[in-house]
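Visitor: Hi! Could you walk me through this one?

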Amino acid sequence: MFAKRMAAILCKGLPANNLGDGLYAWMHYLVNQGRLPGGKYSGRLNDYLYRLKVDGTLLDPMYQFVCDKEYAKYYIGAVVGRQLTLKTFRVLRNDDDVDSLRLDHFPCVVKPSHLSGQVQFCYENDKSLDRDLMKGWLRKNLYRISRPQDYKYLTPKILVEEFFSEGGLSVPNDYKIFCFGGSPAFIQVDADRFTCHTRNFYDTSWKRMPLTLMYPSREEDDPRPGQLERMLEIAARLSAPFPFIRVDLYASSKAIKVGELASIPESAGGRIEPPSGEYVLGRYAPGSDANTRRAPA
């Protein structure tokens, strides 16, 4: 914890340029992974993600565009159809917009378009909204906090959008499909994200992968989604322009929605257990030699 606090303090003093970004990324990796980053083609997933993070890839305008959760919907709609996007009810751009907000669609989700992991759910009325928190979102700059270059030029905004789930009230499972060069490789399933967060991993045939990433796995397997093939097709089309991207989907028995696109999951800081799991996932990265040598136990 002390090392993470020190890294955050140092981040504020580093120049806002490629050199400063690279130094912070190196410290972040060392603190979170407990080792120095390896080469891009080491066969370990986080090494590959780290190299994408520091080699300028994220400054590509396509990454910048889809990183903004508002603009990502335009990209998703253009590629796979607007029916797969979550409907946006309002876009809030300043404090006055926050103060004047009166919700008329329930349940709904309120989240910043320029941050990661921040969200409020409104089920019955807008009295539960934390408007001070929302104003705080508008003043946050994720790039200045942790240096993800795809967030560097984003304009602070807050989206009010539809709530999508099978039953209409419960938070849905999140199917996160990791894609390399337009090819879906494996799927992370997050459940109970706001209570007792767990993660399971599967290959594209829905075979369980025995590993964990930051959160514990569940003993039981998740049911294979009835629309798995369609979900993989959507992910393939959306990921085609990118060397790597994660396509996050929600799926019910009748519909599929694309939540967002993520460039560097966990900012390459998520530790995979057991250590051999780095190679299990990393073998899908382009140019990886993980298939040609034995992964350590």
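Visitor: Okay, Arg246: buried or exposed?
Guide: Arg246 counts as buried, because its relative accessible area is 7%, and buried means under 20%. Keep in mind that this is a predicted model.

Visitor: Where does Arg246 lie?
Guide: Arg246 sits in strand β10, which covers residues 244-251.

Visitor: And what does its side chain make a polar contact with?
Guide: The partner is the side chain of Asp248, at 2.8 Å.

Visitor: What about Gly39, how many Å separate its C-alpha atom from that of Arg246?
Guide: Those two C-alpha atoms are 21 Å apart, while along the chain the residues are separated by 207 positions.

Visitor: Let's zoom out. How many helices and strands are there in the protein chain?
Guide: The protein chain has 10 helices and 12 strands.

Visitor: Why does its radius of gyration agree with a compact globule?
Guide: Because a compact globule of 297 residues would have a radius of gyration near 19 Å, and the protein chain has 19 Å. Its C-alpha atoms fill a box of roughly 60 × 50 × 35 Å along the principal axes.

Visitor: Back to burial: what share of the residues is buried?
Guide: Buried residues are 51% of the 297 in the protein chain.

Visitor: Last one: how many positive and negative side chains?
Guide: The protein chain has 41 positive and 35 negative side chains, and the centres of these two sets are 4 Å apart.

Terms used
Residues are numbered from 1 along each chain as its sequence is written. This is a predicted model: local features need pLDDT of at least 70, side-chain atom pairs count only at pLDDT 80 or more; totals for chains, interfaces and linings use all residues. Side-chain values use heavy atoms; hydrogens and water are left out. Helices (H or I, at least four residues) and strands (E, at least two) are DSSP runs, numbered from the N terminus. The radius of gyration is taken over C-alpha atoms; the globule rule is 2.2 Å times the number of residues to the power 0.38. Buried means under 20% relative accessible area, exposed over 50%, partly exposed in between (1.4 Å probe, protein chains only). Lys and Arg count as positive and Asp and Glu as negative; His and the chain ends are not counted. The place of a charge is taken as NZ of Lys, CZ of Arg, CG of Asp or CD of Glu. A polar contact is a pair of N or O atoms within 3.5 Å; within protein, one must be able to donate a hydrogen and the other to accept it, and residues adjacent in sequence count only if both atoms are side-chain atoms.
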